[in-house]
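Have the viewer open as you read.

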Amino acid sequence: MPANAPLPAPADTAASLERLYARPGFLLRRAHQISAAVFEDECHALGLTPAQFGVLTVLHQHPGLGQSSLARALGFDKVTVLRVLRGLEARGLVERGPAADSRRNVNVNLTTAGGELLRQARRPAERAYRRLLSPLDRTQQAQLIALLQQLTDGLESDARAAFVPPGR
């Protein structure tokens with residue numbers, strides 16, 4: 001077959017697409033897209049993304065956390081946490097500064113405005129969580145969370161960014 005010849009059509013294109021759409025990776029990516037859209041819809045008035053909410057929540061519980069520890073606490077790579085922090089800092093929601101123990105480390109703290117935004121975001125974030133799980137009954141919701149936890153725990157060593165909750 002010549003190099004520029006079109007590839008032959010698969011014998012069963014519909015079956016091929018069904019296999020693609022039933023793959024766990026495809027479904028997890030699609031579920032993540034939906035999850036982010038639902039969260040952003042509920043938190044639209046606050047201008048808050050899921051990543052920003054995660055950062056604010058971790059910093060509320062662990063003030064002065066180092067930037068690298070913050071990235072690990074959310075399973076973010078360093079570039080992602082830096083991008084999120086820059087946006088939050090530009091809005092006056094967090095402050096970054098050198099750590100007391102080492103000028104090379106950067107600690108992050110919520111500002112008063114950041115704490116207030118987090119307080120305002122709690123209800124819409126909870127609505128987003130309930131809305132995301134609403135197609136499932138309570139038993140299915142618990143099963144989904146348990147299965148996702150099992151999946152992430154079992155494959156943690158394959159992650160591109162480490163997940164290490166603060167204090168572990």
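## Thr152 and the ground rules

Thr152 sits in helix 7 (helices are DSSP runs of H or I with at least four residues, strands are runs of E with at least two, and both are numbered from the N terminus). At 42% relative accessibility, Thr152 counts as partly exposed; the scale here calls a residue buried under 20% relative accessible area, exposed over 50%, and partly exposed in between, using a 1.4 Å probe and protein chains only. The Thr152 side chain reaches the backbone oxygen of Gln149 at 3.1 Å. That's a polar contact, meaning a pair of N or O atoms within 3.5 Å; within protein, one must be able to donate a hydrogen and the other to accept it, and residues adjacent in sequence count only if both atoms are side-chain atoms. Thr152 and Phe163 are 11 residues apart in sequence, with 9.9 Å between their C-alpha atoms.

Before going further: this is a predicted model, where local features need pLDDT of at least 70 and side-chain atom pairs count only at pLDDT 80 or more, while totals for chains, interfaces and linings use all residues. Residues are numbered from 1 along each chain as its sequence is written, and side-chain values use heavy atoms, with hydrogens and water left out.

## The largest pocket

Thr152 also turns up here: along with His32, Ser35, Leu74 and Leu148, Thr152 lies nearest the centre of the largest pocket, which is lined by 44 residues. The elements that give two or more residues to that lining are helix 2 (24-42), helix 3 (50-61), helix 4 (67-74), helix 6 (112-133) and helix 7 (138-154). Helix 2 gives the most, with 10 residues. By residue type, the lining splits into 30 nonpolar, 9 polar and 5 charged; Ala, Val, Leu, Ile, Met, Phe, Trp, Tyr, Cys and Pro count as nonpolar, Asp, Glu, Lys and Arg as charged, and the others, Gly among them, as polar.

The largest pocket has a volume of about 2,400 Å³. On a 1 Å grid over the protein atoms alone, a pocket is an open set of points where a 1.4 Å probe fits, with protein on both sides within 12 Å along at least five of seven lines, and lining residues have an atom within 4 Å of a point. The volume is the space filled by probe spheres set on the points, which are joined across faces, edges and corners.

## Two aromatic pairs

A search of the whole structure finds 2 aromatic pairs. Rings of Phe, Tyr and Trp (its six-membered ring) pair if their centres lie within 6.5 Å; planes under 30 degrees apart count as stacked, over 60 as edge-to-face and the rest as tilted. Tyr21 and Phe26 make a tilted pair, 5.1 Å centre to centre with 45 degrees between the planes. Tyr21 is partly exposed at 42% relative accessibility, and Phe26 is partly exposed at 23%.

Phe39 and Phe53 are tilted too, at 5.5 Å centre to centre and 55 degrees between the planes. This pair links distant parts of the chain, with Phe39 in helix 2 and Phe53 in helix 3, 14 residues apart. Both Phe39 and Phe53 are buried.

Val108 belongs to strand 3. Is Val108 buried or exposed? Val108 counts as buried because its relative accessible area is 0%. Leaving aside neighbours within four places in sequence, its contacts (heavy atoms within 4.5 Å) include Leu59, Leu70, Leu85, Val94 and Gln67.

Gln67 lies in helix 4 and is also buried, with a relative accessible area of 17%. The side chains of Gln67 and Arg96 are joined by a polar contact of 3.3 Å. Beyond neighbours within four places in sequence, Gln67 is in contact with Val81, Leu82, Leu85, Arg96, Val106 and Val108.

Look for Thr111 in the loop between strand 3 and helix 6. Thr111 is buried at 15% relative accessible area, and a polar atom of its side chain lies 2.6 Å from the backbone oxygen of Gly92.

Asp101 is in the loop between strand 2 (94-98) and strand 3 (106-110). With 69% relative accessibility, Asp101 counts as exposed. Asp101 and Thr139 are 38 residues apart in sequence and 47 Å apart in space, C-alpha to C-alpha.
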